[in-house]
Amino acid sequence: MSSRLAGTALCRHLSHVPVPHLPALRPTASSALLHRCSAAQAQRAGLWPPSRFSPPRRASTLSDPAQDGGKDQKAGTAGKVPPGEGGAEQKAVVSYWGVPPSRVSKEDGSEWRWTCFRPWDTYQADLSIDLQKHHAPTTILDKLALYTVKALRWPTDIFFQRRYACRAMMLETVAAVPGMVGGVLLHLKSLRRFDHSGGWIKALLEEAENERMHLMTFMEVAQPRWYERALVVAVQGVFFNAYFVGYLLSPKFAHRVVGYLEEEAIHSYTEFLKDIDSGAIQDTPAPAIALDYWRLPQGSTLRDVVAVVRADEAHHRDVNHFASDVHYQGLELKTTPAPLGYH
């Protein structure tokens, strides 16, 4: 009798033998490969259907409910996470990769509902900072930086006039770019030179994130029109590439531009506060995101939000003028510790 016929007879005999119940084992890469090979060979030989001896292989990486103690989970109730931005309930992806959604609570034990920032990212703004400080241009590069920012302010005044809520949104879409560009370029430089950055990568990325949070806050105050959104896309594309090239050519010039840009931001927010105080702009309650991000007390208003945002811009002004001064002295930023957490 040939070996093939003997194998066929043996398999037919085994198909009637009851197999004892064994606990489910998690398939590994090697066992899955062996199963596929043996099943393919058996099917070509016409011996048995592979599903008689082994369960069908799962087609995704979702976790097996049997591994959770056999608890049934109803559709629509598994993987719920706390309500996030806007109060909408979201579903978490159930996966065996071991990355569960984090559960964060406030200091009082209540549920933290923001996913774009965490309690350890919040702070109380320093409103005592000097808002009148100004760097007097002394070199050609300084004057070029100042005149560049003044030239950018002129079309902004014409377009937005005294609509300061929309103006603030437009300003923050631009102000959040330099920190990200500078941080990325310093990051790449650190990798190329196998050297530390003195904390400046993190400092610049913190600045970019802080400016983005300004934008997220003012999005709760005013919604941009379609043409303002189109303008943001155009301005961001031009400004990002221009600042990228400028930072490569002269970091001291790039940081000086941002310093003067922040000075203009302080001026804009001061005018914003004047219109609120005069009644031209309604002093509405502060958005919930602002209360948590800046740890503002309950009952705070739009005026309080504009005041803390203006203080943030004053701190960014100091950091960038300081960074430019470091470069003007012929030093690299890594030689001077970065002002991390400077709010």
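## Surface and basis of the model

The model is a predicted one, in which local features need pLDDT of at least 70 and side-chain atom pairs count only at pLDDT 80 or more, while totals for chains, interfaces and linings use all residues. Residues are numbered from 1 along each chain as its sequence is written, and side-chain values use heavy atoms, with hydrogens and water left out.

## Overall architecture

The chain holds nine helices and zero strands. Both kinds of element are DSSP runs numbered from the N terminus: helices are H or I runs of at least four residues, and strands are E runs of at least two. Read from the N terminus, the order is α-α-α-α-α-α-α-α-α.

Of the 343 residues, 37% count as buried. A residue is buried under 20% relative accessible area, exposed over 50%, and partly exposed in between, with a 1.4 Å probe and protein chains only. Among contacts (heavy atoms within 4.5 Å) with a separation of 6 or more, 73% join residues 24 or more positions apart.

## Nonpolar cores

A nonpolar core is a set of buried Ala, Val, Leu, Ile, Met, Phe, Trp, Tyr and Cys residues joined through side-chain atoms within 4.5 Å. The largest such core has 40 residues, of which Phe-218, Tyr-269, Phe-272, Trp-294 and Val-306 touch the most other members. Two or more residues come from each of H4, helix H5 (200–218), H7, helix H8 (288–293) and helix H9 (302–328).

Which residues is Phe-218 in contact with, leaving aside its neighbours within four places in sequence? They are Ala-168, Met-169, Tyr-269, Phe-272, Val-306 and Val-309. A second, separate core has 26 residues, including Ala-145, Leu-146, Trp-200 and Phe-239.

## The second largest pocket

Pockets and cavities are found on a 1 Å grid over the protein atoms alone: a cavity is a set of points where a 1.4 Å probe fits but cannot get out, a pocket is an open set with protein on both sides within 12 Å along at least five of seven lines, and lining residues have an atom within 4 Å of a point. Grid points are joined across faces, edges and corners, and a volume is the space filled by probe spheres set on the points.

The second largest pocket contains about 640 Å³ of space. It is lined by 26 residues, and the closest to its centre are Leu-152, Thr-156, Val-174, Val-235 and Leu-261. Helix H3 (140–160), helix H4 (164–193), helix H6 (226–249) and helix H7 (251–278) each supply at least two lining residues, and H3 gives the largest share, eight residues. By class, this lining has 19 nonpolar, four polar and three charged residues. In this scheme Ala, Val, Leu, Ile, Met, Phe, Trp, Tyr, Cys and Pro count as nonpolar, Asp, Glu, Lys and Arg as charged, and the others, Gly among them, as polar.

## Two cavities

How many cavities of 30 Å³ or more does a search of the whole structure find? It finds two. The largest cavity holds about 120 Å³ of space. Its lining includes Ala-203, Glu-206, His-315 and Tyr-342. H5 gives the most to this lining, with four residues, and the classes are four nonpolar, five polar and two charged residues.

The second largest cavity holds about 40 Å³. Tyr-164, Arg-167, Ala-168, Leu-171, Ser-268, Tyr-269 and Phe-272 line this cavity. H4 gives the most to its lining, with four residues. Five of the lining residues are nonpolar, one is polar and one is charged.

Is Ser-324 buried or exposed? Ser-324, found in helix H9, is buried because its relative accessible area is 0%. Not counting residues up to four places away in sequence, Ser-324 touches Lys-252, His-255 and Arg-256.

Ser-105 lies in the loop between helix H2 (29–45) and H3. With a relative accessible area of 45%, Ser-105 is partly exposed. Beyond residues up to four places away in sequence, Ser-105 touches Ser-110, Trp-112 and Pro-119. Ser-105 and Pro-119 are 14 residues apart in sequence, and their C-alpha atoms are 8.1 Å apart in space.
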